[in-house]
Amino acid sequence: MAYKFVDNYREQGARKRLVVLLRERGISDERVLKAIGKVPRHFFFDETFWNQAYKDIAFPIGDGQTISQPYTVAYQTELLHIQKGDKVLEIGTGSGYQTCILMELGAKVYTIERQANLYAHTLKVLPGMGYKANFFLGDGSKGIEEYAPYDKIIVTAGAPFVPELLLKQLKIGGILVIPVGDEKSQKMLTVIRVSENDYDKIELDTFRFVPLVGDQAW
């Protein structure tokens, strides 16, 4: 992974082209597009693969995980309707790219990763980039109860169902975005907690994520 933080005109131009592509694909929230245009995605790649960083593709980052496709990151982020100051729980830190996008929008992020190598990497790299999230190592399918409730929860791995523990950690009026399905494909779900025991669920487009592993998942 890259620790040499160099962001020149070539990379900046590539981000601008990526933003144009995402807008053409239907991403309309200008705040999300601005965040995509600001966060240097190539910092999350080994320098050897910097030429892949601004393609609209997922890319392996080790431990069987990937840095999500920029369209997927923008899609999920747009569904969250982040407001400045929102307390956001991110399940699956991964590379930390999604974390940075959330923080660019003004969110206070609590992010949990079960892979120790990825956790250690983001714990070192993101602060070096100027992003100070709250990092946790553990089973994300159970959330982080001690800091609940959350305004928003985002799950960046495919789940077989919506974990009950995550629903209970969402504040009333809060939004949970999670891909649910089998190990080959998932439907993106938006879940809104409308009262103590009631939730509205909206099923959206089909995606393919790495599996969410844990007590409340695979």
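Predicted model: local features only at pLDDT ≥ 70, side-chain atom pairs only at ≥ 80, totals over all residues.
**The largest pocket**

Let's start with the open space in the fold. The largest pocket has a volume of about 520 Å³. Its lining is made by 33 residues, and those closest to its centre are Gln65, Thr66, Ser68, Thr156 and Val210. Sorted by class, the lining holds twelve nonpolar, 17 polar and four charged residues. Several elements contribute at least two lining residues each: strand E2 (65–67), helix H3 (70–80), strand E3 (87–91), helix H4 (97–104) and strand E4 (108–113).

**Helix H4**

Helix H4, one of those contributors, deserves a look of its own. Seven of its eight residues are buried, so H4 is largely enclosed by the rest of the structure. The buried residues are Tyr97, Gln98, Thr99, Cys100, Ile101, Leu102 and Met103. Glutamate 104 is partly exposed, at 25% relative accessibility. Just after the helix comes glycine 106, with a positive phi of about 95°.

**Salt bridges**

Now for the charged contacts. Side chains of opposite charge can pair when their charged atoms come close. The whole structure has ten salt bridges, and the table shows some of them.

| Arginine 15 | Aspartate 7 | 2.7 Å |

How exposed are the partners? In the bridge between aspartate 7 and arginine 15, aspartate 7 is partly exposed, with a relative accessible area of 26%, whereas arginine 15 is buried at 4%.

Lysine 38 is exposed, with a relative accessible area of 51%.

Lysine 171 is partly exposed at 35% relative accessible area, while aspartate 151 is buried at 18%.

**Aromatic pairs**

Next come the rings. A search of the whole structure finds eleven aromatic pairs. One of them joins phenylalanine 45 and phenylalanine 59, a tilted pair with 5.1 Å centre to centre and 40° between the planes. Phenylalanine 45 sits in the loop between H2 and strand E1 (59–62), and phenylalanine 59 is in strand E1, 14 residues apart. Both phenylalanine 45 and phenylalanine 59 are buried.

Why does the pair of tyrosine 110 and tyrosine 150 count as edge-to-face? Their ring centres are 6.0 Å apart and their planes lie at 65°, and planes over 60 degrees apart are classed as edge-to-face. This pair joins strand E4, which holds tyrosine 110, to strand E6, which holds tyrosine 150, 40 residues apart. Tyrosine 110 and tyrosine 150 are both buried.

Elsewhere, ring pairs tie Tyr71, Tyr75, Phe207 and Phe209 into a cluster.

**Charges over rings**

Arginine 25 lies over the face of tyrosine 71, 3.8 Å from the ring centre. Lysine 87 lies over the face of tyrosine 150, at 5.9 Å from the ring centre.

Terms used: Residues numbered from 1 in each chain as written. Heavy atoms only, no water. 1 Å grid on protein atoms, 1.4 Å probe; cavity = no way out; pocket = protein on both sides within 12 Å on 5 of 7 lines; lining within 4 Å. Points joined across faces, edges and corners; volume = space filled by probe spheres on them. Helix = DSSP H or I, 4+ residues; strand = E, 2+ residues; numbered from the N terminus. Nonpolar A, V, L, I, M, F, W, Y, C, P; charged D, E, K, R; others polar. Buried < 20%, exposed > 50% of the residue type's maximum accessible area, 1.4 Å probe, protein only. Salt bridge = Lys/Arg side-chain N within 4 Å of Asp/Glu carboxyl O. Phe/Tyr/Trp six-rings, centres within 6.5 Å; stacked < 30°, edge-to-face > 60°. Lys NZ or Arg CZ within 6 Å of the ring centre and 35° of its normal.
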